[in-house]
Every structure is written in structure tokens, then in C-alpha cells.
Amino acid sequence: MKKSIGIDIGGTKIAAGIISESGELLHRTEVKSDPSDRENMFTQVVTAVEQVLEGTQFSEIEGIGVGVPGKVDRENGIAIFQNNLPWPQFPIADRLQEQFGAKTITIDNDVYMAAFAEWKAAHAKTSETFVYVTISTGISCSIIHHGSFFRGAGFAGELGLIPVLSKEGNERLEKIAAGPGIQKIAGVPTKDVFTGYLNGSQEFQSAIDEVTDHLAQGLYSISCLLDPHRIVFGGSVIVNNPFLLELIKEKLKIYQIPEQQHLLEHMSISTLAQNNGVVGAGLRVFEKF
């Protein structure tokens, strides 16, 4: 059985896993990020790889796939820009090659890695337009059209940057509908907002109503511009609170005309949960995409 290592790098944690060629997650570990310094951050990545390799010979590994936030240079293996890591122009592929001597190092944006895993898990047709949307500490999306990523000039999919109408005027979607934005609207930790909503608190009902309308506005831009066949959602905000999907669909339907409403039946939440980034990164070692 062929195996790879998938790494999902974020501002708060680094997850690493051993992935089979079929996409099975054989072993997983997680360590805290250390964004205080570029070398400290890389040390934590190395620690994650070393931990996940316990009990496995590195000679059994085909290569390493790495998902990094922000903009990346895939051909040269460089993390170019991030807003939550100290890695501008960081040569992550070369550094991992020096550290482990891996045969193959594949890097990409972390959302694209997660999208690839979701696309494979959904058994989506190559004739379809597939969109993966993550709602977590940030909001972003990745588009797979006819079996290939749609990348634009390299920064396509930044759904969180789209302005939507809020009570305060126009705001970027990420600022008012991602985890920190929800906390800002309600004035309490995001987890407490969802707990309060489920307990029937009118105050939190109002906050969730506002947030889901913001999300529906952002998603309507996807509906209009791409008319996708399918959208899969991931990220801690929606994976941990799956009731949000039906609320979002109700709001989205209000914006859509009938010819767009086919999408409502093909919106779902990830079955891979928080592992999609690791699995997707590992799978990309076996399949160039």
C-alpha cells in the first residue's frame, strides 16, 4: 500500500497525517503553531511530521503534501503571502526536502487541498463545477471546474473578501460571518452564540439570523457567477453547527431566481470534517492536479 504524509498548516495548529493512496487516514497528529518567528513555525512543522512518523519508516512514504494559507508558488514550493503566519517568501518545499529528503514535495493553498479531498469524497463528475467553501476563522472557497482547479491569476476563491450589506453598511464577508466576526456581532465567544441560539435565546437568534443572511449574500455571488452543480461546506463554524446549512439555504433561496435553485438540493457539509486538509494534501502526492 502506497503512503504519503499530508500536512495542514494553520495559524493556531498544524495537523499531519499518513494517507493511503485511496484516501484513508491511517494516522494523525496535531501540534500547536508558533507564529512568533519563521524558524519556530517551521520547527513545529517538523515536530508534527516526526510525531506522525512514529512507528512508520520514512522509506515507506512516497512524498509529502503541504497545505499553506494564503498565496503559494506551487512550482517553486514557496509560501508567498499569509496573514496569519510569519512566512513571506518562505521556501517550505526546499526546507522539508533538506530536513527529510522526501522524493516528492507538493504544496498548495490549504483550502485547495481541502477542496481536492472533498471533490474526491463526493465522487463529483469531471463535467461538473464543484465548489468547496470553508467557514472558520476565515472564509474562502475553491472551485474545481471540469476536473481542474480554477485559479485565476493565483488568488481566485477569496470569498471572504467580497463585500456584503450589513447593518453598518458594506463589510467584507469574512469580517462579519467568520468565527471572529460572529463573536464581534454578539459580543460573546462564538461557541456561546451557538449554544445560546440552540437554547432559544432571542438575542442569539437575532445574531445568527444576521450572520446567515451575510453568508447567503456571499454565496449568491457564487450562484450567479458560477452556477455550480454542487457546494460542500467545511470549517469549524459550520461543521460544528450543521443546523446553519438549512438556515443559509432558506436565505439563499430568497435571493435566487427559480433557474438557480437547483443548487439548494446539492449543498452539503463535509463528511471529512477537520481532516479534509490533511487528506487532500496527502492525496495530491499521488495525483497531480
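Helix 6 and helix 7 are roughly perpendicular to each other, a term that covers angles of 65 to 115 degrees. The model is predicted, so local features need pLDDT of at least 70 and side-chain atom pairs pLDDT 80 or more, while totals for chains, interfaces and linings use all residues. Residues are numbered from 1 along each chain as its sequence is written, and side-chain values use heavy atoms, without hydrogens and water.

**First selection: residues 190-198 and 202-226**

These ranges are helix 6 and helix 7, which pack at an angle of about 115° with axes 8 Å apart. For the contact (heavy atoms within 4.5 Å), select Asp192, Val193, Phe194, Gly196 and Tyr197 of helix 6, together with Phe204, Gln205, Ala207 and Ile208 of helix 7. By class, this contact has six nonpolar, two polar and one charged residues.

Next, display Asn84, Asp110, Ser136, Thr137 and Gly138, the closest to the centre of the largest pocket among its 40 lining residues. The volume here is about 1,100 Å³. Helix 3 supplies the largest share of the lining, three residues. The lining divides into 12 nonpolar, 21 polar and seven charged residues.

Move to Lys71, Val72, Arg74, Arg151 and Gly154, which lie nearest the centre of a pocket lined by 17 residues. The second largest pocket holds about 250 Å³ of space. Strand 5 (71-73) and strand 7 (105-109) each give two or more residues to its lining, and strand 5 gives the most, with three. Its lining comprises six nonpolar, four polar and seven charged residues.

Notes
Axes fitted to C-alpha atoms, helices over the stretch in contact; angles between N-to-C directions. Helix = DSSP H or I, 4+ residues; strand = E, 2+ residues; numbered from the N terminus. Parallel < 35°, antiparallel > 145°, perpendicular 65-115°, else oblique. Nonpolar A, V, L, I, M, F, W, Y, C, P; charged D, E, K, R; others polar. 1 Å grid on protein atoms, 1.4 Å probe; cavity = no way out; pocket = protein on both sides within 12 Å on 5 of 7 lines; lining within 4 Å. Points joined across faces, edges and corners; volume = space filled by probe spheres on them.
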